[in-house]
Amino acid sequence: MTRWLALPGVPPLLALLALLGLWHLAATFFGYNFFPTPGAVFKTLPALFGEAEAAANIAASVKRMLAGFALALAVAVPLGLMMGRSPLVAKLVKPLVATIYPVPKAALMPIIMLWLGIGDAAKIFVIFIGASLPLLQHSFGGALAVDQKLIWSAQAMGLGPVKRLFAVVLPSALPEVMIGCRVGIIMALIVMVSSEMIARQSGVGNLLFNSADMALYDTVYAMIVVIAAIGFVADVAFEFVRRRLTFWAEIHQDPLVPSA
Amino acid sequence: MIAIEGLSKTFETSGGEPHLALDGISIDIPKGQFLSILGPSGCGKSTLLYIVGGFVPASAGRIRVDGRAIAGPGPDRGPVFQEFALFPWKTVRGNVLYGLLQQGVPRDQAERRVSELLQMVHLSRYADFYPKELSGGMKQRVAIARTLAYDPAILLMDEPFGALDAHTRTKLQNELLSIWERDRKTVLFVTHSVEEAVYLSDRVMVMTPSPGRQKAVFDIDLPRPRIRAELLLNRRYQEYLIAIERLVQDGGEDEA
């Protein structure tokens with residue numbers, strides 16, 4: 001009787017429907033104009049994407065998020081791997097990281113805006129900082145945990161230090177680096193939205209706050225749905241990439257994997 | 001071919017205390033000899049091997065290979081570790097191929113050599129498997145093939161069969177002997193099994209527990225190729241076992 005419940009995809013779908021149902025009931029019950037029903041919110045979504053300005057805002061946001069993340073990937077991963085293999089590099093970088101780590105990245109925006117303006121550069125930079133920290137931390141941890149005997153085996157084969165970093169340390173640390181990537185991409189999303197809320201010029205964060213100012217509550221909720229969707233797609237994409245890149249690893253760490 | 005002179009190693013413990021692990025090891029190992037280094041755990045026998053490999057620096061003394069002082073690791077000394085240390089992201093074939101490509105061997109030539117090696121260690125059918133899909137004995141066969149691939153003059157084997165069950169261990173000992181008898185590489189073989197040391201070696205160096213010093217060196221004068229079933233009844237083999245076993249037991253009580 002309950003066999004259909006065990007079908008893949010059914011439980012998450014039920015959970016989603018329950019959430020939407022609860023939202024609908026609550027919205028109808030309270031009847032506040034700033035608390036639209038899910039139906040009203042989803043009705044504005046096609047219009048939002050049809051609107052050239054809104055679509056351009058969303059595209060601009062995603063572009064900045066990816067640029068900041070790519071930059072973090074290019075800088076933080078090699079740096080983290082080097083920290084894991086060289087105590088000197090670790091000693092040099094650790095104090096810097098420890099200083100920046102606890103600072104909310106949005107708090108850096110005023111200074112960064114003074115230097116880089118309120119355009120793309122400032123936002124990409126702050127996304128880069130935000131996404132770098134988890135990448136750095138996990139690459140560092142992953143490189144620290146590399147089996148010394150793998151390194152020795154590679155040394156005996158004649159691999160020099162730079163080649164070892166990319167041909168042995170990176171693949172060894174990859175399962176851990178990929179966990180950093182998943183955290184990092186979501187950090188990039190969070191910092192992307194908050195940077196746009198501070199330097200309100202374009203993007204989903206800007207659109208969200210402009211709509212709130214104009215009391216367009218359906219649009220406010222729709223923008224939150226859009227941001228959540230960006231995050232969800234980014235996370236699922238990373239999990240997809242991670243499984244394909246680290247299928248050879250002994251253990252699959254699957255924290256909060258969206259059911260595939 | 002390997003000359004070890006007055007080799008000592010002092011570690012710093014996590015408490016900051018100096019700890020003497022190896023003390024005044026001196027031994028010459030001629031080309032083509034199979035030498036076992038035998039001792040209880042903690043006697044520094046693996047450390048000695050790592051120093052010869054160039055992976056760990058010595059605190060005093062020197063090591064020369066063919067008259068030249070060693071400076072770091074090199075493809076003339078190939079390690080095989082108890083933990084296999086395979087590249088888990090590469091297939092069996094990829095693991096064995098890697099060192100060859102690294103040495104600049106052209107790809108088609110390297111591929112042919114890998115096929116031969118995999119055949120030699122009976123793993124041709126597993127060429128496309130990943131390490132996590134193999135048993136311990138298979139992993140160690142891959143590791144041996146991977147090291148043999150770049151043709152080091154010296155094999156440094158660090159308790160290579162220590163993590164295997166008794167049956168697999170015996171099988172791999174026999175395979176190692178038949179491989180060794182083919183090209184007679186110089187082998188340094190670390191073990192804590194008296195039986196394994198005597199069965200495989202031309203010479204056995206027995207070490208004292210911490211700090212590791214040379215206690216005695218035995219020349220194992222037994223016919224080759226060695227066949228275990230025949231050796232078991234060989235009087236001289238039995239005497240070696242008894243003499244070395246007594247030596248290892250004597251003074252070993254304060255450890256373990």
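Author: From the N terminus on, the elements of chain A run α-α-α-α-α-α-α-α-α-α, which amounts to 10 helices and zero strands. Helices here are DSSP runs of H or I with at least four residues, strands are runs of E with at least two, and both are numbered from the N terminus. The C-alpha trace of chain A spans about 70 × 60 × 30 Å along its principal axes.

This is a predicted model, in which local features need pLDDT of at least 70 and side-chain atom pairs count only at pLDDT 80 or more, while totals for chains, interfaces and linings use all residues. Residues are numbered from 1 along each chain as its sequence is written, chains are lettered from A and ligands numbered from 1 in the order in which they are written, and side-chain values use heavy atoms, with hydrogens and water left out.

Take helix α3 (residues 52–85) and helix α8 (residues 161–198) of chain A: their axes come within 8 Å and cross at roughly 145 degrees. Axes are lines fitted to C-alpha atoms, for helices over the stretch in contact, and angles run from 0 to 180 degrees between N-to-C directions. The crossing of α3(A) past α8(A) is right-handed (the near helix is turned clockwise from the far one by less than a right angle; left-handed if anticlockwise). Residues of α3(A) including A:Phe69, A:Leu73 and A:Val77 meet residues of α8(A), among them A:Ala173, A:Val177 and A:Cys181; contact means heavy atoms within 4.5 Å. By class, this contact has 17 nonpolar, two polar and three charged residues (Ala, Val, Leu, Ile, Met, Phe, Trp, Tyr, Cys and Pro count as nonpolar, Asp, Glu, Lys and Arg as charged, and the others, Gly among them, as polar).

A further pair is α4 (residues 87–100) and α6 (residues 120–144) of chain A, whose axes come within 12 Å and cross at roughly 140 degrees. That makes α4(A) oblique to α6(A) (under 35 degrees is roughly parallel, over 145 roughly antiparallel, 65 to 115 roughly perpendicular, and the rest oblique). The crossing is left-handed.

As for the partner, 21 residues from chain A and 25 residues from chain B make the contact. Together the two chains bury about 2000 Å², 67% of it on carbon and sulfur atoms (accessible area, 1.4 Å probe, lost on being put together and summed over both). The rule finds one salt bridge across this interface (a side-chain nitrogen of Lys or Arg within 4 Å of a carboxyl oxygen of Asp or Glu). A:Lys149 and B:Glu83 meet in a salt bridge at 2.9 Å, N to O.
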